[in-house]
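Hi there,

Here is the structure I promised to pass on. Please have a look at it, and then read my notes below.

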Amino acid sequence: MTLSFSEECSRELSLVCDSDGTILQLDKRAERILGVQVGSELRACMVAGSEDKLKTMLSEARNTPLRNWELALLAFGKPATLSFCARAAEPHKLELHALVLPDNYGETVEHLSSTMSQMLGLHREISRQKKELETKTHELLKTNRELDESNRGVLSLHAELADKAESLRHSAEVRGRVVANVSHEFRTPLHTILGLSRLLLDASDGPLTDEQQKQIRFIRSSAEELSALVNDMLDLSKAESGKMLLRVNPFGLHDMISSLRGQLRPLVPLAPNGTDVELVFEEPSTDATLETDQGKVAQVLRNLVSNALKFTERGEVRVSVGVEGDTAHFAVSDTGIGIGAADYAHIFEEFGQVDSPLQAKVKGTGLGLPLSRKLAELLGGTLQVESELGKGSTFRLSIPACHPEAHEIKQLEARPLDPEKAPVLVVEDDRKTIFIYEKYLANAGFQVVPARNIDHARNLLRQLRPAAIVLDIMLDGETSWNFLAEVKRDPRTHEIPVLVVTVTNKEQKARALGADEFWLKPVDQDRLLRKLRALSRPGSSAKVLVIDDDDRARYLMRKYLEKEPYSLLEAATGPEGITCAREQRPDVILLDFLLRDMTAFDVLDDLKGDPRTRGIPVVIITSHMLDATERQRLAAETEVILSKASLSRELAIHRIRDALQKAGVSKWSTPGVEH
Ligand code: ADP
């Protein structure tokens, strides 16, 4: 095998020479490449000018072995660079090994070395960047760890806060319930004490001595004070829990002020400084009509006036009122002892009173102002004070002339039912919760029919068949357990799903009374909608009974109504139809005029003669040509007469809907507004 020039050159050649460069031994490759033999002078194959370098190499190699000594020689007769390694073999012999370097070796080496140095630079740069990156990663990891820690901290803080909020809410609720219960419990014995002391003072069981009378009067005034405190506490807890009922009605300003004058005038002589203080009611400049809770407005004003009378030694207490735009302003000003600005906040706190010589002389619970402010907020307004020590005070009550929430509730209660939406009777005394349900259900095919007490709910149930009932248990002054039992006992209502949503964990009781679901408040929208949809396909409970002895006619009606929200009952004979109507109480009956065993008139007589079926609307379907008398009689006893020949799906559905709506007992009928 012959090797190419480059292959030859890239391999090593070996030779031995004496110290003058005379060749003593050489291998074949050296012979062929350099074209020399034993006895030849190495000098002879040197490129002119490089003989000296050879000489130096030979002399140096005698002392130390050399590596990579480059010499220019003629290889195959052409100048080439050879890289020599040389060492002394014996005293006068040198062993040489050489490698023919390629032509561009120099450049390549230069290029390589510059590439190398570039690479080194690059390597250094990469190492530097790597190090920097490592430091940054390290820092990042550290920051991450720190962030992680603070995140955990924030999370646990958050959980702690949520816990605290929950427990605060819970304690506020518990406190509210305790106050409400305790206050109720106090009221009865107080009532007895007040009643009995009155009897004693009236001497109905014999006269009392003066001393006894004095003692009874003390008992009585103590009981009265306690009673005032209990009432305030009860009101405050009701207002705080949002359970206070608002009775919104339209009333004229003039009437209100004159009735207030009537109530408060008698207080003046009883006031500690009654003789030196005048109570002035300014006549309202307009007789505007307000629509809000008159009782609550009067309660706030009574409290402000009685405070003003207590803390005014001489001068006047003045009540003024005015309407500006949509806001009614009431002001009670006095020329009394006044309140320092530092105490403005304090007096609105529960039991907050300001020390003064007068304070010790007058009676008070310290709950009047916090309650008044709560009431003002309940009315959608504010209660503020302006005062100067020694000069007097002005308390200002500003409220919307028309209570917005109450207005909305009224609208909600009075709105006609949307036949496309399934009504959900919401028995709930808290207005805010009613609005939340309304928001949850409004766009989901349902509509809220609110009832804020049991009587109202009973009334509504007489007029409408809701798709479901959402029932709160703790209502204002009553619980709805009996109502739940009633609904589930009554065959007319027992099928209506009832979802109990309340704050008291009495699931067992609720289930035992027939509740279909039990949840603790608050309930979220998804959950409510999922349940309502599962329990009550809107309209699914509307029952339609078809009485027809023709299988095909019944089949056709089944097909017509299959996609409608009705459940279809079928009877193939008159008596079967009558029994079914009695037992199942359909919401509408479709009656064939010509039955084999009975005439439609016989069926109608039976239905109308039974109070259980009397009110069910009947639609006559006939293929028979009716004469005038038949038509007249049927018109009196049925909703509509349809001809089988022209009966279409749309017409059937339309007529059934009409009949259901007209019947007034139908699923989505408008509740008469008997609120
Ligand atoms: P009470 O009058 O039963 O103590 P309130 O909550 O109504 O409780 O009032 C709290 C306190 O505010 C009073 O005790 C009194 O110190 C101060 N205050 C209320 N109204 C006036 C007023 N018109 N003038 C001076 N001080 C008043």
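A quick definition before the notes: pLDDT is the predictor's confidence in each residue, from 0 to 100, and a contact means heavy atoms within 4.5 Å. You will need both, since this is a predicted model.

Let me begin with confidence. Over residues 664-675, pLDDT stays under 50, and the model has 37 contacts beyond four places in sequence for this stretch. For the chain, the average pLDDT is 83, and 91% of the residues score at least 70.

Now to the ligand. There are 22 residues around the ligand, of which Asn 307, Gln 353, Gln 359, Thr 365 and Leu 369 come nearest. By class, this shell has ten nonpolar, ten polar and two charged residues. Helix H8 (294-310), helix H10 (368-378) and strand S12 (392-400) each contribute at least two residues to the shell.

Which atoms lie 2.6 Å, 3.0 Å and 3.1 Å from an oxygen atom of the ligand? At 2.6 Å there is a polar side-chain atom of Gln 353. On its own, the ligand has 530 Å² of accessible area, and the protein covers 97% of that.

Best wishes

Definitions and conventions: Residues numbered from 1 in each chain as written. Predicted model: local features only at pLDDT ≥ 70, side-chain atom pairs only at ≥ 80, totals over all residues. Heavy atoms only, no water. Near = heavy atom within 4 Å. Polar contact = N/O pair within 3.5 Å; in protein donor to acceptor, adjacent residues only side chain to side chain. Areas by Shrake-Rupley, 256 points an atom, 1.4 Å probe, with all protein chains shown as cover. Helix = DSSP H or I, 4+ residues; strand = E, 2+ residues; numbered from the N terminus. Nonpolar A, V, L, I, M, F, W, Y, C, P; charged D, E, K, R; others polar.
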